[in-house]
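Notebook open, structure loaded. I'm jotting down what I look up as I go.

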Amino acid sequence: MYNWKALLGFEIIYKFASVVIFVPLLWGMFDRIMRVSGYAYLTLENIVSFLANPLTVFLLLALLILVTMYAMIDISAVIFILDQARQKNKVYFLQILKFSVGNAARAWKPKNLMLVVTVLLLMPFLNMGMASGVLSSISIPNLSLIIFGRILFCPVCLMRWFCFCRL
């Protein structure tokens, strides 16, 4: 592959930044959301009241947007590097970062929101970006994970197929 060093270098730096900066920042933000909401920990008994607070919902949505942006930057970077390799164009870290951040920001335009939804719904099933660091540490009982995965994954695939075939 033409840009294998750029791909490897970007992924090493990106994963390192994920482990050292983004995941601790994300957990710190989540802890702060819990403190602002008045909770020290979450259980099955208090999660409904935690999520019923409008401020909590707003802050969790903002956190989810950050997680999505972070994952989309990684996806955009990989696609950009592979596309440039196919065209035999050499790429560099700052060029990759500039393109991927801009591309991830463009995903939030109304016509592209379906991509954002797809990334959000598939993030637990894929080992991408920070999903491996954050989402794998959230414990869900195995039965719930199996049911959630089977029920959600099929409609997601059908929804993606329907939306992309219409284009």
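I started with E11, which is buried, with a relative accessible area of 17%. I call E11 buried because that 17% falls under the 20% cut-off. A reminder to myself before going on: this is a predicted model.

Where does E11 sit? I found E11 in helix α1, which covers residues 4–37. Next I looked up what E11 touches, not counting residues up to four places away in sequence, and got D74 and V78.

I then moved to F10 and left aside its neighbours within four places in sequence. F10 is in contact with D74, A77, I81, F93, I96 and L97. I noted that D74 is on the list for F10 and also on the one for E11.

**α1 against α4**

F93, I96 and L97 took me to helix α4 (residues 93–106) and how α1 packs on it. For my own reference, two packed helices are described by the angle between their axes and the distance between the axes. Here the axes of α1 and α4 come within 10 Å and cross at roughly 65°. I therefore wrote the pair down as roughly perpendicular to each other. The crossing of α1 past α4 is right-handed.

Which residues make this contact? From α1 I listed A6, F10 and I13, and from α4 F93, I96 and L97. Sorting the residues of this contact gave me six nonpolar, no polar and no charged.

In soluble globular proteins, nonpolar side chains tend to be buried together.

**Whole protein**

Last, I zoomed out. I counted seven helices and zero strands in the protein, and along the sequence the pattern reads α-α-α-α-α-α-α. Of the 167 residues in the protein, 30% are buried, and E11 belongs with the buried ones. I also checked contacts between residues at least 6 apart in sequence: 71% of them join residues at least 24 apart.

Notes. Residues are numbered from 1 along each chain as its sequence is written. This is a predicted model: local features need pLDDT of at least 70, side-chain atom pairs count only at pLDDT 80 or more; totals for chains, interfaces and linings use all residues. Side-chain values use heavy atoms; hydrogens and water are left out. Helices (H or I, at least four residues) and strands (E, at least two) are DSSP runs, numbered from the N terminus. Buried means under 20% relative accessible area, exposed over 50%, partly exposed in between (1.4 Å probe, protein chains only). Contact means heavy atoms within 4.5 Å. Axes are lines fitted to C-alpha atoms, for helices over the stretch in contact, and angles run from 0 to 180 degrees between N-to-C directions. Angles under 35 degrees count as roughly parallel, over 145 as roughly antiparallel, 65 to 115 as roughly perpendicular and the rest as oblique. A crossing is left-handed if the near helix is turned anticlockwise from the far one by less than a right angle, and right-handed if clockwise. Ala, Val, Leu, Ile, Met, Phe, Trp, Tyr, Cys and Pro count as nonpolar, Asp, Glu, Lys and Arg as charged, and the others, Gly among them, as polar.
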